[in-house]
Amino acid sequence: MSTEAVPQLETAEASSDWGLLSWVASVDHKRIGLMYMLLAVVFLVVGGVEALLIRVQLLVPNNTFLSPQFFNQLFTMHGTTMVFLVGMPVFTGFANYMIPLMIGAKDVAFPRLNAMSFWMLPFGAVLLYWSFLTGSAPDAGWFSYAPLSTKPYSSLPGVDYWIISLAVMGIGSVAGAINIIATVFCCRAPGMSLQRVPLFVWIMLMQAILIVITIPPLNSALAMLLIDRWLDAAFFEPARGGSALLWQHFFWMFGHPEVYVFALPAFAMISEVIPVFSRKPIYGYAFVAGSSSVIVLLSYSVWAHHMFAVGLGMGANIFFAAATLLIAIPTGIKVFNWTATLWGGSIRLTASMLFAIAFLIQFVVGGLTGIMFATVPIDWQLTDTYFVVAHFHYVLIGGIVFALFAATYYWFPKITGKMLDERLGKIQFWLWVIGFNGTFGVQHVLGFMGMPRRVYTYADNPGWATLNAISSVSAFFMAAGTLVLVWNVIRSLLRGQSAGNNPWDAFTLEWATTSPPPVENFESPLPEIKSRRPVWDESHPEFADWKSSQTPEDSGHRPDKAKVSAWAFIVSEAIFFILLLVSYVVFNAQAESDGPTAATALNVTRTGIYSLFLLSSSVTFWMAEQHLRRGDTAAFRKFLSITIGLGVVFLFGQAVEYNELIQDGVTISRNLFASTFFTLTGFHGLHVTGGLVALGIMLLMARSGYLTPKRSKVFGAIGVYWHFVDVVWIAVFVIVYLGFLQ
């Protein structure tokens, strides 16, 4: 072990002598980051084994190695595992570990929330894989298309486990993303303006924002599907008036932006690796950063290109085709920036750089085939063929996994204090290049030949057997390359070369501390931050960037982290409620004649009176906040108590309404009006209840003397949530009770 690692280990041992339990109880962002990465590695093995079993089944025509049911379970679990238990965790792990170091912070903004976010992940994973023990793992695909995923077609509990596990993991993902947003905005070191943060930090900030707005559509769809399955509603059952297409819209509003949730971290990693091993600053920092922001803005406009074959109509097809072409532009900008950085650079072909260059080539191939799908006639011909499988694996593996390998070889010395073996790294590189292109390259041809995807076997058509055999055998090259990496890691940890603090002569702040970093990240003062490459400036003062390239000065202002996190949470919840409102409008645009409607079942006047109680609580909350800031604790407690009382009265009114509806036979399974009404108002009631619990805690803290004017910002953050709940109810009342948009 390097001498640089000793102080950190001694400090860690001094802080806790619990051994493995110290990891379980840790709130250190570095340990949590490593646990994210290790969990992703475990499930990479699990998902990889599932993929190999799939490829063995497809090795020869008419194979019976796997049953059709088990094949469906495998490709469902493989896709779900790779998306939710490998892709998202590993990127979150790198963000957790690196971002505080790169911005000169001691930790993330909310260490305990960070720990909670992580532990939601293994809990969700256990729920997902527990389904095998029930004898019925989910088998409706990782996209779980309705009505296949509804009770009449999937009566066993596998889909239920899938829904609950994804909801649990989604909560952890949103919480983790909010923490990253608050950390970047609020915890930067002096001098580190937003225009000076490393591109990794900026792009991961964009990814965190994208997670916050991407997970809610999935959560709303999961909630409605679970209500369909458990409470006999019919959101997604066409035979009972529901809409299977609504599931596709909601799922792909999550599913396609999710591609950029994966792609943006890969862009972030490559944007650090290529400049360091080209020995020059990245070309066009502002264009790389700006194009990442544009991707976030455009990502919500492309989801329906997954649905060209469902008959959306000419206008919708043209819009989403144009949006799909448009979003390729910011990605193309990055490719030109990375290529221009390589051009004329003093390139060092380390294992990390080789993986980065392979990423560049293979991701471009995946992007170009993606642009092909923006052409509607091509999409109609290829949408359910192996061409699609080849396309998204060139993006998700040929691009993203290769970027992960580049990042692993780049940051492993910083994380462990040891160097990975370059010779073994290059062996792994060639095994993966050969294996990956052999596995998925031929699938483009299979797609053109008409081989369908999601089918457990195939006929002995001309050429299909040979190409599938090449694909299946090549997959084992990737498995062998992965074993080489595992051996490389073990060998390096046991007897690898000491890395030192900055073995690559890199540029950013994580290389200014020891390898591995100490508990609080930095033992010595940070380099002065006057440019985007502070470590370079300190190591090469005669060529310091600030002498030749000026960047905007840091104003020193940092927003309150409680309010930043509250607003980020509100954005996520607002999207969730908007989609529930959309579902209500879709199903109630025309009143049904065979059951209750809003006009016949709801008492608008009474609900309006109870609504005034809820809206008045925003006024009393504001008055309580003003008294707290002035230090008048008695008046603060009085108005806070009134606020809680008004909220309780509103919930009582809602309970009265529910009771009368149920007594009249209007239950959630009665018709689509009842399903959408109870779902929408029920989730709002849960949010009001959560707000009341938070207000009750604040009142107890005030009575104990803990909540003082100095801590009023925390109370203000809760106020953001409480006012949001009131605003949501205004929208619900206007649309549901007053019939707006119906």
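**Close-up 1. The largest nonpolar core has 233 residues.** Phe-200, Trp-247, Phe-359, Trp-411 and Phe-715 have the most contacts inside this core. A nonpolar core is a set of buried Ala, Val, Leu, Ile, Met, Phe, Trp, Tyr and Cys residues joined through side-chain atoms within 4.5 Å. Buried means under 20% relative accessible area, exposed over 50%, and partly exposed in between, with a 1.4 Å probe and protein chains only. The model is predicted: local features need pLDDT of at least 70, side-chain atom pairs count only at pLDDT 80 or more, and totals for chains, interfaces and linings use all residues. Residues are numbered from 1 along each chain as its sequence is written, and side-chain values use heavy atoms, leaving out hydrogens and water.

**Close-up 2. Phe-715 and its contacts.** Neighbours within four places in sequence are left aside. Phe-715 then touches Phe-621, Ala-624, Glu-625, Leu-628, Phe-636, Leu-640, Leu-695, Met-698 and Leu-707. Contact means heavy atoms within 4.5 Å.

**Close-up 3. Helix H18 (residues 561-588) packs with helix H22 (residues 672-703).** Helices (H or I, at least four residues) are DSSP runs, numbered from the N terminus. The packing angle is about 160 degrees, and the axes lie 9 Å apart. Axes are lines fitted to C-alpha atoms, for helices over the stretch in contact; angles run from 0 to 180 degrees between N-to-C directions. H18 and H22 are therefore roughly antiparallel to each other. Angles under 35 degrees count as roughly parallel, over 145 as roughly antiparallel, 65 to 115 as roughly perpendicular and the rest as oblique. The crossing of H18 and H22 is left-handed. A crossing is left-handed if the near helix is turned anticlockwise from the far one by less than a right angle, and right-handed if clockwise.

H18 contributes Glu-573, Phe-576, Phe-577, Leu-580, Leu-581, Ser-583, Tyr-584, Phe-587 and Asn-588 to the contact. From H22 come Leu-672, Phe-673, Thr-676, Phe-677, Thr-679, Leu-680, Phe-683, His-684 and His-687. By class, the contact of H18 with H22 has 11 nonpolar, 6 polar and 1 charged residues. Ala, Val, Leu, Ile, Met, Phe, Trp, Tyr, Cys and Pro count as nonpolar, Asp, Glu, Lys and Arg as charged, and the others, Gly among them, as polar.

**Close-up 4. Helix H6 (residues 158-186) crosses H18 at roughly 140 degrees.** Their axes come within 9 Å. That angle makes H6 oblique to H18. The crossing is right-handed. Val-174, Ile-178, Ile-181, Ala-182, Phe-185 and Cys-186 of H6 meet Lys-561, Val-564, Ser-565, Ala-568, Phe-569 and Ser-572 of H18. By class, this contact has 9 nonpolar, 2 polar and 1 charged residues.

**Close-up 5. Ile-171 sits in H6.** Its relative accessibility is 47%, so Ile-171 counts as partly exposed. Ile-171 and Asn-219 are 48 residues apart in sequence and 8.8 Å apart in space, C-alpha to C-alpha.

**Close-up 6. Gln-207 is buried in helix H7 (residues 199-231).** Its relative accessible area is 5%. Beyond neighbours within four places in sequence, Gln-207 contacts Phe-91, Val-261, Leu-264 and Pro-265.

**Close-up 7. Leu-615 lies in helix H20 (residues 604-630).** With a relative accessible area of 30%, Leu-615 is partly exposed. Leu-615 and Val-725 are 110 residues apart in sequence, yet 9.4 Å apart in space, C-alpha to C-alpha. Apart from neighbours within four places in sequence, Leu-615 is in contact with Asp-726 and Ile-730.

Definitions and conventions. Helix = DSSP H or I, 4+ residues; strand = E, 2+ residues; numbered from the N terminus.
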